[in-house]
Amino acid sequence: MDAGFLQLDAWMARALAALAPAERRTLFRKIGRELLKRNRAHMARQVGPDGTPWAPRARDRHGQVRKAGKMMVGLRAARRLKATASPDGADVGWSGGDARIALVHQLGGLDFVDRAESDTKVRYPARPLIGLTDEDVAIIKDTVLSHLADRL
């Protein structure tokens, strides 16, 4: 990383520490909403945050795909994928059972196909759902700088 960016990051950390907690929460809420929007867009395009396409759905022994529609539609719904903010930062993610399902897809792993109908476990490939790109980091820095400039 460039030394200029490290100095900017150190300055930005000091500037954020000087803000009142309520003002930091407002800023982090704005950042969280933007990251939420950008990660939902990645999921809708069926690509990871870095732009690599997700692994396609598996085919059964007859060569058929169980569901041909878009993947992760339920996980990207507003009632499931949430952004929360506090004076210490912003979080974008899931909670409860949704978090367990998202983790299996984010990292890849074993999980039940349908807990109610069978005991069959399937290995799911990694399909990154949430992440930060260089563009996201630049947007965060721009948001912080514009918020600080508005205060002057």
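Which strand does G93 lie in? Keep that question for a moment and start with the whole chain. This is a predicted model.

**The whole chain**

Show the protein chain as a cartoon. Follow the chain along its sequence and the pattern reads α-α-β-β-α-β-β-α. The radius of gyration is 19 Å, well over the 15 Å that the globule rule gives for 152 residues, so the chain is more spread out than a compact globule. Turn the model to look along its principal axes. The C-alpha trace spans about 65 × 30 × 20 Å.

The protein chain exposes about 9800 Å². Carbon and sulfur atoms supply 55% of that area. Buried residues make up 28% of the 152 residues.

Next, think about contacts. Take those with a separation of 6 or more in the protein chain: residues 24 or more positions apart account for 56% of them.

Colour the charges before moving on. There are 27 positive and 18 negative ones in the chain. Their mean positions are 6 Å apart.

**Stop one: G93**

Select G93. Here is the reply to the opening question: G93 lies in strand β2, which covers residues 89-93. Is G93 buried or exposed? The cut-off for buried is under 20% relative accessible area. G93 has 18%, so it counts as buried.

Show what surrounds G93. Setting aside residues up to four places away in sequence, G93 touches R80, L81 and K82. Then select G63 as well and draw a C-alpha to C-alpha distance. G93 and G63 are 34 Å apart in space. In sequence, 30 residues separate G93 and G63.

**Stop two: S95**

Step along to S95. This residue is in the loop between β2 and α3, the helix at 96-107. At 56% relative accessibility, S95 counts as exposed. S95 and R127 are 32 residues apart in sequence. From C-alpha to C-alpha, S95 and R127 are 18 Å apart in space.

**Stop three: the loop between α2 and β1**

Where is Q46 found? Q46 sits in the loop that runs between α2 (21-44) and β1 (82-86). Check the backbone there. Phi of Q46 is near 65 degrees, a positive value in a residue other than glycine. Q46 has a relative accessibility of 16% and therefore counts as buried.

Stay in the loop between α2 and β1 and pick M72, which is also placed there. M72 is not a glycine, yet its phi is positive, at about 65 degrees. M72 is buried, with a relative accessible area of 11%.

**Stop four: D136**

Finish in helix α4, residues 134-151, where D136 has its place. D136 counts as buried, at 1% relative accessibility.

Methods
Residues numbered from 1 in each chain as written. Predicted model: local features only at pLDDT ≥ 70, side-chain atom pairs only at ≥ 80, totals over all residues. Heavy atoms only, no water. Helix = DSSP H or I, 4+ residues; strand = E, 2+ residues; numbered from the N terminus. Rg over C-alpha atoms; globule rule 2.2 N^0.38 Å. Buried < 20%, exposed > 50% of the residue type's maximum accessible area, 1.4 Å probe, protein only. Contact = heavy atoms within 4.5 Å. Areas by Shrake-Rupley, 256 points an atom, 1.4 Å probe, with all protein chains shown as cover. Lys, Arg positive; Asp, Glu negative; His and termini not counted. Charge placed at Lys NZ, Arg CZ, Asp CG, Glu CD.
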